[in-house]
Every structure is written in C-alpha cells, then in structure tokens.
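Colleague: I am new to this structure and would like to go through its sheets and helices. Please show it before we start.

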Amino acid sequence: MSKLAIMSDLHVDINKLFTNEINQLITVLKHNHVTHLHLAGDTANTTKRLFETINQIEASDITVTFNFGNHELPDIPSPELMESFPDTRFLNLKSFPLNDELVLLGVNGWYDYSFALEDDHKKIIAAKNLFWYDRLIERNATDPGVMATILQQLEEQLNELSLTNKQVILATHFVPRKEFVYYHTGEYERWNQINAFLGSSALGDLIDKYDNVKHVIFGHTHRQFEETLINNTIYSAKPFGYFYEWQLTREFMLSNHLMTSFNPLKVRKSLKGHEESFEAFKQLKLTTEFTNKMTLIDY
C-alpha cells in the first residue's frame, strides 16, 4: 500500500524553512511512509524557492506534485502561465493516477466574492487594491470571471473522470464552502473583508454533483478544520500557516511568559530579543508541527 500526503501554505520563505527544516519535513514524510506529496499552493513566494523545495524532497525518493496558491502568482510572468505552467509536476486541472481506480486532481482555484458580506464589488476591489497581497497579481479577467472559467474547466475534468469511473481526491488552494469561512465580530470585525478573497461557494456546489469526489483538501484560510463529511465528500484543511500562527509558537510564547494570552498578531513584536531561543525551540518542535499539518491518505 502507498500513502499520499497533502500540505498547503508552507510559505518556506516567510517561515525561513531552508535545507535543515525541509530535511525535518522529509523525516516526517518518511516516518509516515509517504510515497507521494502534493503541495496545494502557497509553498513559496517565488518559483525558485518552490522548485528548490520540491527538488530537495524528490531527492529523498518521494514523488511530488503541486498547484499554485495566490502567493506564487506575482512571480509568474503571464496569466496564461498561472493556469498552464510548463512543468510535468504541475497539477492544475490535471489528474495524477494513484492507482487503477483513484486519481489526484489538482486545482489552483480562485475566488468570486461569494463569501463577502459586502455586496458592492467596487468596494471589494478597492479593499483588495488597498491591502490584499493579490493586488500584485495581474489576471486577464475579473475575479468572478476567472473563477467562472476555472469552474467550467473543472466540470469538464470531473465529467471525464466520472465517465471513466475514477474516484477523485481533489486538492485545491482556495476555500470551497462557506462552512469553512469564519466571520469575526467585535474588535476584529474588519477582518471580514478578507473573506471575499478566500474562495468560492460555487466550487462546493459543483463538487456536490459528483459522487466520485471522495475527498477535498484545501488551505489558504490558515485555519485548521477537522475532517468534515458533507454530501458524502470528506473535506480537510490543515494549512501550515505563518510561523506566528503555529502551535509551537503559542507554546513558546506562553511558556516563556512573553504573553499572558496568545495573540498571533503580536508575536513578532514580543519575540524581539528572544530570537535565538525561539529558533532552538522551533528546531525541537518543528517535526510535530509538520506532522499535525498534513493530510494523509492511503491508496
């Protein structure tokens, strides 16, 4: 029996995951008998770092495929290449056979503002252009238009896989259902603006049409969710996230009395003067963080 691991949001550059840290990830993969790893977006901010990471993992005899998240896209020179990047390991609207009956289908995904509380698209776009990372990305259509095209192409892929009686594991970067979107109240209510850029409820609606889509794994939200069964499809989200969101960071901050209650937004300020001890703690605990942030599927 073989084993698939799916991870998202490694952010290797932001999180300073270099050769030593990726070797720790490889150790975790090997310990769990993983034979194939799929990276479901936001692995890095540049294709250079993305492929350095992939190549290091593949050198350990674990095969790797990937799709893009939003963080890779500013480094891609054209909208066409964002969806059709010339690398055989790139799984966007393409399937990878795991066995005779089961395929892994990768989808970059995008968003159409369906999770937004704001109805005025002009205001949503203004907010995006003011503070959201994706203002750096040049697409050849509106966000809802990009998502509509992706859904049309995905439907064609799912129809074909259904006709050939293939069971599907679908890995995408963006959030496919409103059930996995958190709406803030009170002090942090303004963060609800970000929900517009998390994904598309139409993706979940499309998946509902196909009994052969057995498992959907996504990231982007940086929130973990327990496996959830919806309309006979399992949904999983275990994004690795930024270092200031990690469980090990929470443990470090609280055990060293640098915070009385953990607040990820204040980690970087509170860590000043404690960088060396945090780095040592990270090296001790990183394998556990990796272990808890991957979805494992036997095939």
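Modeller: Two strands count as paired if DSSP finds at least two bridges between them. Helices (H or I, at least four residues) and strands (E, at least two) are DSSP runs, numbered from the N terminus. This is a predicted model, in which local features need pLDDT of at least 70, side-chain atom pairs count only at pLDDT 80 or more, and totals for chains, interfaces and linings use all residues. Residues are numbered from 1 along each chain as its sequence is written, and side-chain values use heavy atoms, with hydrogens and water left out.

Colleague: In which sense do β8 and β9 pair, parallel or antiparallel?

Modeller: Strand β9 covers residues 233–237, and Leu-229 has Ile-234 as its bridge partner there. Four bridges link β8 with β9, and the sense of the pairing is antiparallel.

Colleague: What is the strand order of the open sheet of six strands?

Modeller: Its pairing is mixed. β4 (94–97) and β8 (225–230) each have a single partner strand, so one side of each is left without a neighbour, and these two stand at the edges. On average, neighbouring strands are turned by 20° against each other, direction ignored. The order is β4-β5-β6-β7-β9-β8.

Colleague: How many residues of β5 are buried?

Modeller: Buried means under 20% relative accessible area, exposed over 50%, and partly exposed in between (1.4 Å probe, protein chains only). Leu-102, Leu-104 and Gly-106 point one way from β5, while Val-103, Leu-105 and Val-107 point the other way, and all are buried. β5 is therefore largely enclosed by the rest of the structure, its buried residues being six of the six.

Colleague: At about what angle does helix α5 run to β5?

Modeller: Axes are lines fitted to C-alpha atoms, for helices over the stretch in contact (heavy atoms within 4.5 Å). Angles run from 0 to 180 degrees between N-to-C directions. Helix α5 (residues 143–163) lies across β4, β5 (102–107), β6 (167–172) and β7 (213–218). Its angle to β5 is about 175°.

Colleague: Which residue of β10 is the bridge partner of Ile-6?

Modeller: Strand β1 (residues 3–7) is joined to β10 by four bridges, and the two run antiparallel. In β10, the partner of Ile-6 is Thr-295.

Colleague: Are α1 and α2 roughly parallel or oblique to each other?

Modeller: The axes of helix α1 (residues 19–31) and α2 come within 10 Å and cross at roughly 45°. Angles under 35 degrees count as roughly parallel, over 145 as roughly antiparallel, 65 to 115 as roughly perpendicular and the rest as oblique. The two helices are therefore oblique.
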